[in-house]
Structures are given as C-alpha cells and as structure tokens.
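Me: I am new to this structure and would like to learn how to read the place where two chains meet. Could you take me through it step by step?

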Amino acid sequence: MSEVVATKQSVSFILDGKEVTGYRGETIIQVADREGVYIPRFCYHERLSVAANCRMCLVQVNDGKKTLPACHAQISQDMVVNTQSSTTRQSQQSVMEFLLINHPLDCPICDQGGQCDLQDLAMGFGKGVSRYEDTKRVVKDEDLGPLVSADMTRCIHCTRCVRFGTEISGIPDLGALGRGEDMRILSYLKTGLNSEVSGNVIDLCPVGALTSKPHRYRGRSWSFTNHAYYSAHDCLQSHVYVHTYKNGIDGQDAVMRVVPRQCDSINQIWLSDRDRFSYLGLQHRDRLTHPMIRDGKSWRVVDWETALTLVSEKIQSVIKDHGPEQIGALISPSTSLEEGFIGQKLLHTLGCRNMDYRLHQRDTDYMDSAVHTLPQEFLSFEQLDNSQCVVLVGSYIRHEQPIAGLRLRAASLKGTRVLSINPIAHAWNFHCEEEVVVAGQDFVQFLGACVVSLANFGAIELSDRWRERLIHIDSSTQSDRFAKYLMQSDGYLLLGQYAQSHPHASAIYKLCSLISSVTQMRLVMMTPGTNSTGLHAIGYGPCHRVDSVNMSTGESSYQMIDRPKQLYLLQQVEPEIDHYDPALARAALTRAQTVVAITSFTSPEMLEYADILLPAAAWTEFSGSWVNITGEINTFQAIKPLHGQSKSAWKIYRVLANLLKCEGFTYHDISELRADIPLLSSGCLDESIDGEVDLSPPLPRQLADQVVGSELTRIGELGHYQMDTLVRRCDPLQRPADKVIAKIHPDTVRRLGFDDPGNDVVVSLKQGQNVISCPLLTDKTIAKGAVYCPVICHGDSQLSGRNDAIEILFSEDDQ
Amino acid sequence: MMIDLVSRSNALGELKNFTFNFGPQHPAAHGVLRLVVEVEGETVVQIDPHIGLLHRATEKLMESKPFNHSIGYMDRLDYVSILPNEHVYVMAIEQLLGLKVPKRAQYIRVMFDEISRILNHLLVLGSTALDMGALTPWFYTFREREILMDCYEAVSGARMHANYYCPGGVLRDLPNRMAQFEESPWRFSSEIKDLNAPRSGSLLDYIQYFTDIFPARCDEYEALLTDNRIWKQRTVGISPIDADRALALGFTGPMLRSTGYMRDLRVDQPYAVYDALDFNIALGKTGDCYDRYLVRVAEMRESNRIIQQCVDWLRRHKGPVVSDHPKVVPPTRERSKMYMEEMIHQFKHFSEGYSVPEGETYAAVEHPKGEMGVYMVSDGANKPYRVKIRAAGFPHLQALNELCRGHMLSDVVVILASMDIVFGEIDR
Amino acid sequence: MTLFTLMMVVLQIGLTLGLVLFMVLYLILAERKIMGYMQGRVGPNRVGPLGILQTLADGIKFLHKEIILPAQSDYALFMIAPMISLVCAFVVWSVVPIAPGWVLADIDAGVVFVLAITSLGSYGILLGGWSSNSKYAFFGAIRSMAQMISYEIAMGFSLVPVLMVSGSMNLTQIVLRQSGGLLHWYFLPMFPIFAVFLISAVAETNRAPFDITEGETEIVAGYQVEYSGFIFAMYFIAEYTNMIFVSTMASLFFLGGWLSPFQGTPYFSLLFSWVPGVIWLLLKVLLFLYLFIWIRATFPRYRYDQLMMIGWKVCIPVSILWIFVVSLMILGGIL
Amino acid sequence: MTFIISLVIILFSVSWFIYAKSNFKTVFFTELFRGMLLTQKVAHRRKDTIQYPEEKLPRSNRFRGLLALRRYPNGEERCIGCKLCEVTCPALAITIETQPRDDGTRRTTRFDIDMFKCINCGLCEQACPVDSIVSTPEEHYVVTQRGQNIMTKDKLLALGEAIEPRLAHDRKLIHEGDG
C-alpha cells in the first residue's frame, strides 16, 4: 500500500558497498529488502502506508551526519547508503534506547515475548545496557472487545494498527489521540474493535500492546508446533498456520492459535476473525467424544462396533421396509472431497439418490441441471483487483467472505466500481457506486429490469422465450444505470448467500447468467461452506449422471425435508439452524424413524431428534481435500490427534459400507481413497467445468408473477459467526448482537398501517404455523417490504423458510 | 594327512577359543563397555570392544539447542573431569564470537582445570588399584577427591556437574567463605573445630590447604603402589607401546607422554593463561601401564604446583570474572529487574540464546585424558550447525585390542584402567 | 558306647561348631572394621552397639534371600557344592586340639587327616564353579583347582620338616614337642618354611593377594558368581572357617599352640602361669587373622600366572630345600 | 660330620647374606612392609567417615539440589508463568501451563518438574526474572511410587515455604557477593 507508486525507471545506487538497482520512487527499505539487506523497522510495513514515525530504520546516506529513515527516503542515482556504519548503528542504538525508555518491564508476562520485534531489534540493534533511571509512562488500558487485549503501556506508537484500520479494513476502530509523550492509541468511541478482520492488528503490532485475548497468557510462541492448514469457514480457504501445543490443554495436544499464512492469491497476510478464532470451538463442552445411541429418552455411550452395527441394521431395515428412497443424507458443505465421495458412493450402492449439501438453498434446479458442470466461473483475485466493476448480488461479502471483502475494498480503492443489489443497505467499508435495496419479492424483478435495460440499450438480443417472461417488467432509471455499468466494464457478478438461498434462486441465476453471457462480467457464486464447489464437482447431490444421456435424480435438501424420510443421515450439520427451513427440518427429523448424525458437536436439539451419534473428526483433526472458489484443490493432512474416540468421517463410511456388505470399499488409507476420486487423481478441475449451462430452463411464464403472494418477505440471514458448527461454538465470537432481533424499515410499518412503533416493541412473527416473538427495531437500511430476522435456534419455537414470506403480528396493546 | 586332520577334529569336536562377554555390566568395565573377549586359556587372543551403550546423541542435542543450553551436556561427557569439558566448549564459542575473557576468569578456569586433572588422575589411580584388588588406595584417593569436590560445590553449587564456565568467563566469582561442618552427636566439638579449620577462610584458602597437604598424600599412594612388587609385577611391561605407534593410533595425553613423546597442549599451543605459569611435563619411557601410572602421579604433583600459582595470582588480583559483552553474557539479576534493555536481554538470552557469527572453529584443551577438542560450525543462528567432539578416550579405546593381545585376562582389566576410559565421552 | 558318652560327644561337637561359628561371625565383622580403619573409615557401626550384630543381621538377610538357580545349571551339584565346602571346613576341626586333651578326636594321623579334608574342600569350589554354567564361574573353578593343587603341594612339603622334628603326626604331640618357651617353637629354626606355610595358607583360603578365584574385578566373583542367598552364605562361612583353621594350624605347627611364650623364662613364666593355654592359642590365632586382614587391606592381587609361579618356583623349592636343611640340623643335633 | 654340617650351614649363611645384601628390598620385603606400615598408621588416624544422617557434608549455599518455588513475603506466589525456565531447561523437565487468573494476572495452572529429567544445571534459576524457581540445598529425595518424580506446583511451593528462611538467607549472601 505504498503511497509512492513505483515507476519503472531504474535507478542504481550503492547499498553497503554493493551496487544495486531499484526503480525511481522506491524507498531505500524496499530495495534493501529485495536485496536481502535487513534494516530494522517498527512502523514500516510493506502492506501499509509509510508513516516514518518510529525512526528505527535510520540509515546513513552519502556519509552524511544526519541519518534518513529508509522507509521514507526514496532512492536516487548514485546515492550511497550505509546500513552498517557506526553512524547508522549509533542512531539505531539511540532510537532503540528512546523506544525502551517508556516500555514496561513486561517481557515475562507479555504474550509477545519471544515473537516480539522490540525484543529482537533490541537484541540485534540496541546497546544492551540501559542508562535510563527515571519513571516510566503508564497508560490505562481500554477494553477492545473479546478478541483483542490491549496493554497500551507497551505501545511504541508505530500506528500500524491505526493504518490497518484506515487503509486495509476500512473500519477505523483505532486511532491516535494526543501528541508526543501523551499520544495514545485507543478506539475513538470506546466501542472496541468491531470489524470482521480485527484480529489482524495482533499480527501487525510489533510489540505486545495488542495481543489475542482468547490466547492471552496461554502459551509461548516457541513451544508451539507450526502446521500449514486451511481455514474452513468460507469458500476462500484462507491459508493458515495452526499452532498446536503438545500436551497443551489437560495433557492433550491442542490447537493454541491460528495465524495467517502468506498466500498472495487468497488471503495475502490477512485473516478474518472467524478463521483466526474459530479454533476455540474445538474444546467446546458440546464436543462429542464417544459414539452414543438413544435409549428411549436417555443416551447411552457405546463402542464403535455397537454403534455402527446398529446403523447398518437400521439402514437395512429401512431399505427392506420402505426402499432406499426413504433414506436422506444431509451433509455440511464443508465436507471434504474424500468424505463426500465415499458417502456418495455408499448411498449410490444402496440405491439412494437423496443426498445434498446445499442445506441453505430452497431452489436448486439450476444446479441440478448442470451436474458435473460447475454453474459458474472461478474467482481470481488478481482479476478482481484489475476489474472495472463488481456487482454484488445478494451478498454481504464483508461477513460472508471477509477476506474477499478486504480484497474487494482494496480493488475499489484502486478504482473498481462496486454495485450492489441487496435486501439490506449494508455497511460497506468501501465506496458503493450504486446500491439497490430491494426486498426478496422485488429481487428478481430488478434483475429482470436490468436485462430489459440491457435489451433496450441493444446489448442483448432477447429470445422470444425471454421476452415472453420479461414482458411485464419495465426498466427503471436505476436499472438503466446498472445496465450501463454492466455493458461498459469487465468484472464480476458475485452471487452471495442471499441470492443463492432466495426462493427463486434459479431465476436469479438465469438472469445473471444471461447478463454475464452478453457482457464482460463473469458470474461467480460465492458458495457457502468450504467445499461446495468441490462437492458439486464430484457430483454429490440428488442428480447423478448415469451416462452421457440419462440422469438419475433424487431429492434435494429442501425436498428431503418437505417429504419426510424414514432415515436421515446427517454429517456435521445441525439442520435446526443450517437448513433453509429450520422448523420444517426439525419436524421432519423428529418424525423420522432413525436419524444418524456423524458430527463433532452435539446440541440440545440434536439430542432430541437424533438416534445415533457418531463422533467425527473436527477441523484440524482430519485429512482431506477441498476445492476453493479460485479453483485450487487444497489437500491437507490432519495435524492434531483425534478428540476422544472420534474418527474421520470417511472411515466411518467405509466401515459402514463393509458392515452393509457393499462392494468396493476396501480403502485402507486415505491415499487409496484419493486414487479413486477422478478429480483428485487428475488434479484438475477443468474437465468437469466444461460444457454449457442451459439457459432455457423452465422459468415461470412471467418473472413478475414470482412475487410471493405476500406483502412481507423475510431476510433470514445466517449470522457470519453462526455459519457452521465449529464457529457457532466459539464463545468469544458470539456477541450479544446475535440475539434474535427483527428489523424492519419504518416505511414498511407505516404501510402496514401502524405507527412507527419505536424500538422496544415485542412483536410476533409468523411463518405458516410457526410463530416466534421478538423485539422489533426499525431500521432504514432494511429494504421496504422486508423483515430482517436472522436464523438462530432459540428453543422450541422457530421460524420456517429463511427468505420466505412472513407475517408480522403486533400485539393488541400497540395497535 | 588331510583325512587324518578331519578325523581328529571329529574326534575332539571343533577346537574353538573361549569367548565371553566382559561387560556391559562388569565391575571393571568402567561404565558400560562391552568387550567380547576371545581367550586361549587365560591369554587374550582378540578383544572386540562394543560401545554405544551410553550414547545420548550429545552432538545432535547440541545442534538442537541454543549455545548456552549445552554447557551442561559437556559436563556429562567425561564426568570424571568435568570443567575441562566445559572449557573446550566455551572456548570454541568464544573463538567464534571473538570474545575476550577477563584475566581473572582465565586464572579461575586454569585453576579448576587443574583441580579437575587431579580429580581425574586420583580416580584413575584409585580405580586401577581397585581393579587389581588393592582396595585401600581407592579410599585414599577419594578422600582427596572429596576436598576437591567441595571446591567444585563451593564455586558452582554442584559436586560434579558444575555448569560453571560460560562463554565470556565463569558464572560467579569465587566464594569468600566455605560451608562449615555442623555439630553432630558423633563428634566432639573439638573435632568439629579441627574439621572446620581449613574451611574457616575463603575458597582460595581451602584450595591452598589442599595444595599444602596434597604432596604428602601423593607420597602415601606411592608408598602403597610405586615400589610394591605386586603392583610392579602387574604393571611393568604390560601393554608397552612406542611413540610412533601411539601417535599413529591417535593417542594423546598421559597415554602418549608415557611413551616418551612430548606433547601437551598447555605447552604446545598455550590457551588461557598457561603460558604465564611454571610447570613441568612428565614423560615416560616404555609406554606400559607402569609408566602411565608414573606419568599421572607426576602430573598430579605438577598440577598441584599450577594450582598454587593460580591461588597466589587470584589472591593478588581482583576483577571481573565474566566479560561485559551484553549480547552474550546475561545481565546481572539486579539490573535485569531494573532496566528494560537488561530485561529484554535476560529474556532473550534464556529463551533464544545469542547468535554466533557464521564460521567454523576447532578448540582444544589438554584434558586430563588427552586432547579434548570441539569442532564447531555456526551458520549464524542461535544454535550450532554442527558440533563434533573429539573425545580423548576414543582413540585409546580403539587400541585396546592391539594393547591387550597376548596378555592375560587379568591384564585386560589393568590395561583398561590405565587407559582411563570414561564412557560419557566415548559414547557421547 | 553309652548314651551319656554319645551325648557328651554331641555336646562337644556342638560346642566346637558353636565356637567356630561364633569366631566366624566376629571375624567377618573384624575384617570389615579393621579394613575400614586402615582405609580411613569406620566400618559397620550401626547394627547393635559398635556394629557387633552386623554379621548376624547379614546372616538373617541371607536366609531371607531368594536362592536363584541359573538356567541350565546342574541343580543338584549346584546345591551340593557349597555344602561340601562347608562340611569340609567344619570336619577338620575334629582333630584340632585347643588345649591338652581338648580335642574331639585325638588321632595319630591328624596331619594327614587335615591335609586330606582340606583337599576335599576344594571340590566344593570346583563343583560350584562347574555347575553354575557360567563362564565366569568356570574360570573361577579352573583357577581355583590349579591354585589348590599347587599350594597343597607347597603346604604338604612345608609340614614335612615339622613332622620330621616332632616325630609325630598327632597334633597334640607336635605342640607338646615345642614346649620350653618361645625359642623352642618351630617358627624360628624353620622360618622360611613358616613363611611358605603362611603363603600357602593365604592361597589355600583364597585370600588377598591370592584371591584370583574370586577376582571380583576380572571374573566378577569367580565360582560363586551365580550363588545367592544362603548357599552363598555357606561358601562365605566355609571360607572364613578355613581362615581360622589355617591360622590355628600355623599356631599349632609353628607357634607352639597353647603353650605360653614365657615357658622356661624365669619370673615371667610364673607371672603368666595363671593364663590358660586356650587364651594363648586364641591370641596366636588372632595374630594370624589380623595379619591376613592387614595384607588384604594393603596389597593388590597377583595375576594367575604369577601366583602359580610363586607356588611352583618359590614355595615348593624353598620347602624342599628346607627339608634338607632341617635334616642337616637334626643330624647336627641342633634340633 | 658335625664339622661338615657346620661348614655347609656357614657357607649357606654367607652366600645368603651376600645375596640378601645386594637384594635387600627383594629379600626382606621392605616395600611391602612400608605399605603395611602405612595402612597401620592410617588405621590410627581420625576417620573421614561422615555419620549420615546425623551429620552431613557441609553444603555450599550455592548448592543445586531439589527445585522449589518461592512466594513473596505477603504470601503471593512469585511465579508469573513466563515460561523462561521451561524453555531454557536443556532436559525439558519443566512443563508449565498458564492462564489469566481471576484478577487478570498471568499465573500458572500447572507447573510440573520431572525430577527424573532434571539435570540440576541451575539454568532455570538463572533464567527466572522474579526469583521464583530456585535450587534448594535439599539433596535428599526419594521416589517410591510412579508419579512421585513429578514435582507439582503444590509440592514445589510447599518446599519453598518450608525452607524459605534459608533460601532468603542464601540469596542475600549471594547478592552481597559473599555466598
């Protein structure tokens, strides 16, 4: 993020007696870093702007008496830079001495000890002997929230954290107040850190002023073992290092912390809080350690053999009594390729086609018609950086893929125009060129309007079928503006969580595909979970291509719940939250004869509906492969011993297959399994994404008719710290704000015929038979005609479909 | 003829030499040596030493730890003469760092090196006699070793594994007072007073006391052994070796000097302050066990003289005992609690250690057993890239077969004892 | 033989054995204490006052210890061997007079009996070493046999002049022939023989510096390496019994047995006339025992071949030579 | 006859005398007697035996025995869980787990020293920034059951409390350069 844009005019100069070449506009430290000459620094960071306020990087230039900050001084032809001269050394020592004057003698209790830049540079460049006798400054600490702990007495005012807030995350939580001795770093509004990437200041802080609060006082960097791994909470699969500690917690190997692993194509050096802190859930009390089976109302711990034998008996009896179509499998979109493959193979062998990982989607037709074909392109952050326009369709990218949000912000700062079509006017941390806030029932219409506008501008020649369907949709000024951007620029259409879980996702997808096919915009679905792309690529799902012509179809996740089955197989999911229609899912599961859950965690609800619980390896405990949104296949090894008696899910499937006497399940280790997966053995995704998406699917005759016959639709967002079983159990990430609160636009209230009810009103929300009551806030960011009510499991009462129609019932007193 | 031979061997069975294991648990194996001895009657035909039973991968361990953590491992190499082991290791680090060691520290080091030499030779003497069935010299030598171990303890806090030298000098200065015997129901108070008399002053006084009585104590060992006909019959002419062969086998120390070859690193390449001290080197003639014994006794008397000179010097000169290089030597406890720089250096010194400039070096000292060397390669990190230890005893043990062949089983014990084998350093 | 005489004999045997065992008990303690003193330490001093119950405690400990039978050893021989040693060590005492008439069996061929039984005792060691099925024990047994045979000869030869001079093989007679004071004892005219006898005695009892059969730093413990518990204690007791026995023999043969050294000296003989002969004998025995311990505390051990050399090349020639010298002395009437 | 015998004896004696004079030592075992004299002499000297346990060898106050954890005079444990001793321990004998205590200070929840691994090198004591872990003069400890080799935090603190006066005294002496 250097402010100085390097031009490509080369400049040569002498660095420590060696002639080196840089480009005009580069600073000394940039060239020195490239040449392998280390210049000490605190405030300088290659991804942040230059502040030059720590003065640690002073170097002697042209034998002058006065030394220059290497992070700020630009190179010039034939200058002589000396990083080793006595003058340089002296200034480094003096700066070091000043920096340490006010530093408390905290090393022994400071979590940064051992990985602290201040220590390292004091060792390498300081004098080693102190002369300062006076009192030291003490700064009162501030509560920065549950993730980052502040010990501001240790702060050396490098302002890296401040610059991160203003430049990278775009959420300036922290700032510097005061000057000189009185300068303090604090959060302006005493609100703590609220950004979804706030943990990065821990990495940036060169001293121990900002440290990880969950990790506080729990270990030393030197005693950890460093493992390369991938984070599991979004489709980016950020590269991370997982630090484990032998005998760390209660004598067991434990994950002590997660830090980013540099990867320029994905997360650069950043990491979202979700990825950084979700490891805390691994030790949660909900963790399942033993196989358990239901014994009437109570649960009994059994051994694996008993549990799996029981499962196989149940499956056989269901097949015998009701046929294999009475089995349904719901798995997490984060399931690895190996597990997905073997699970699918087992179900196919049993004759069952009901399997799905798209729990959050109701309308999956567009994907089912494209089996073995990825219905989208891959995202390339390099292209994103250079694209002219990005359209967010139903996506709150900041929460859904925080790192992608950072990259998008970086791109927008470089000139990319961002447009958004969302049911909520989100708090973007970048400039949003055009923002359309429409409720669910108008969502498809607006996209249709864009197509109409495009057609009006002549960018697209609509076929008769399309024309027929768009006949009642008119272009608006907004859709015209959108269409102009779409026509003129190249970039991405990003389909987010809302767009995918919209009841008419197929329509949205078709329209976007249409737009994408006639413009330079590439359509990318920001899939939920970690491995949706991969699971789709290996053909996991209800539709299975038997040969090039015939397709055998089962039921999708929504259908499986809609038409209850006798036996459900759950893997790492809690349908009472994860499913599109939680209430329906819960009812179906409760009614089912048998529910087998392969899971790492239990929940009270699961203990009610499940019959057999099989403990599965959680994140960091299993080996596997994932495909991320950029099309990379990330294969990884388990780095932590299994918790309790849990087993890798693929092994559970394999033993189950053996017990069911299925052929072809002789895998002894995961490498044999991998050899069986075409995607992994070829290591290439290209083949499977070949082929055209059929753009003429059955859509309703008139898109305008798709409006759900209700005045209100729900925006049933699944919170970004709720989106999988592990994150849900990371206590520090769960904030009070995640309580159920319904929000509504004040105009909507008025339109419903009520006065603005204020903020403290408790209302009843009703979807079909399901009613809940919760406080209602009025919020102008919510689209008119929509009620924001997030998906949270709260006891017995639960709402139904996430984005379906909803009724709002004010209690009698208020009317 | 052929047929005859075959039939004879059939009649008698195949004639084979008697083979048995000497060790690894054997009273005279000096640790965990296992010798596979092949004898004809009692005459040794072949000896095959099997080593490695005490292997602790010291060199590898050193490569996995910061420099200053490994000093304690050096103690455990030759655990009979501890401080010279440390000396050679810290010397290697100092050479790589180019660190200057204060004079007083060097005198202390030399003094304790020589104390270790006496400790070592006393043990060899006692154990050689013990191996030959003379029980008493063992107790006499241990009587004196006790005094020296007290010196070890007084200065470092441990009677054996001192961990006392550090790069840049020694950890602490010599103590000004010695621990005293306490009243006990077993002794009269006058007796306690007698016992405490030599301990009433500083450590230097106590060492002085030792050097005063030690020559007479040497006479006692010699009265028991040197002229004793049984001792002489057991040692004279046992495993003689000439200088050339000894050199070829890599002998050093008393093993080499007993052949009459003059080689002593204290004179040949003086380190520390040996060039400022006056002492003689004892040489033997035939290189047999008796000469080795005589050389060692003479060396002890010379060491005693060196210690006297060191005590003398140390009494007259005060000063720092450790270099003031802040990056290598940890700060004092008081300063590290008061000042930030020192705090950081204390923290980093004990957690990460210090980085030693890239380079390689070989340091060697005249260890009581011979030339003890450390070859150290640093790649600029805080851990050595490679440490190779030249243990003096290793080449000696290699020659065991050659030295023992033709002698009797009882001589094997004597030869082994006279070689002064310690498995800590051989197996490493 | 009446019942009374039988009982008396049994009583006498019991008394003798008891006395010997008592002496063994305290010889062991004395050895440890004296050696300790000579090595600048105090020896056992914790069990009982001044440690006087130490050996008893050790004995009880041995009784409690497990007897470990080595695999593939000859169990019967392994158990019998220490018994042979112990029985032989006790049986010889039957002919030993401790005062005129105080003897269990005053037989005329006492010396022959002694020589025969002590030779038999070495079978215990041989069998023990052989049956252990251990290489070290085997070495010990071989060494022991060679040593026993060599020194039996030297010892036998060294007794010949004594028999010549005394003209009897009855031990009581041999002592009585020496009566007449210190100068009449045989050690003076037969000093080299006396020395040879002492050396042989040390060697016969496997004491330092001739303890090559045990050679604990070479062959670990020789023939007894595999023995533990009370069968080990049997060897131990036998060894110390033998030690006392050879000391008694030396006193009887060369130092006039129970005779007072002041016999025939005016005044002194009167002065010490009240001292019973047993005390004199005891004093002489203790003298030898102390010498044994003292030597052990001072000298290294000889090598096997050196030991044989001393036996064959020094002791036997000297004793043969002195047979001639003594003959000459007898011829010359000096004796 | 008597004459001849006397002559033989005299001749024998003379030749013996001549031989013995030149080989005095060999013949009369003088060097052996010297040795025996020495051992006899030593037997009369004062003995070097220390009557343990009633008396003990003098222990230097630098002695590095069993490790202990100290407390401040006000009863607060000194250890702040900085883990410097753990990292500096060459034998990896120390295992520490830390957590914030309720008052927000950094404290250990587990402080185990495996006495089987400890090599008594004293580095932990040198490393400790708060004089918490110390080598005590306590050299006598026995382990009779599996697991007793682990000195837990409670045991270490108890030992420190038991001998705190001596520890404080020794530290004062060392501080004054007198120890």
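Me: Which residue of chain B forms a salt bridge with Arg303(C), and how far apart are the closest N and O atoms?

Reply: A salt bridge is a side-chain nitrogen of Lys or Arg within 4 Å of a carboxyl oxygen of Asp or Glu. In this case Arg303(C) is paired with Asp411(B), and their closest N and O atoms are 2.9 Å apart; across the interface of chain B and chain C the rule finds two salt bridges. This is a predicted model, in which local features need pLDDT of at least 70 and side-chain atom pairs count only at pLDDT 80 or more, while totals for chains, interfaces and linings use all residues. Residues are numbered from 1 along each chain as its sequence is written, chains are lettered from A and ligands numbered from 1 in the order in which they are written, and side-chain values use heavy atoms, with hydrogens and water left out.

Me: How many residues of chain B are in contact with chain C, and what is the area buried between them?

Reply: The size of an interface is often given as the accessible area lost when the parts come together. Here the buried area (lost to a 1.4 Å probe, summed over both parts) is about 2,800 Å², with carbon and sulfur atoms giving 59%. Counting contacts (heavy atoms within 4.5 Å), 35 residues of chain B meet 28 residues of chain C.

Me: Along its principal axes, what does the C-alpha trace of chain B span?

Reply: The C-alpha trace of chain B spans about 95 × 60 × 45 Å. Of its 428 residues, 63% count as buried, meaning under 20% relative accessible area (1.4 Å probe, protein chains only).

Definitions and conventions: Buried area = accessible area lost by both parts, 1.4 Å probe. Buried < 20%, exposed > 50% of the residue type's maximum accessible area, 1.4 Å probe, protein only.
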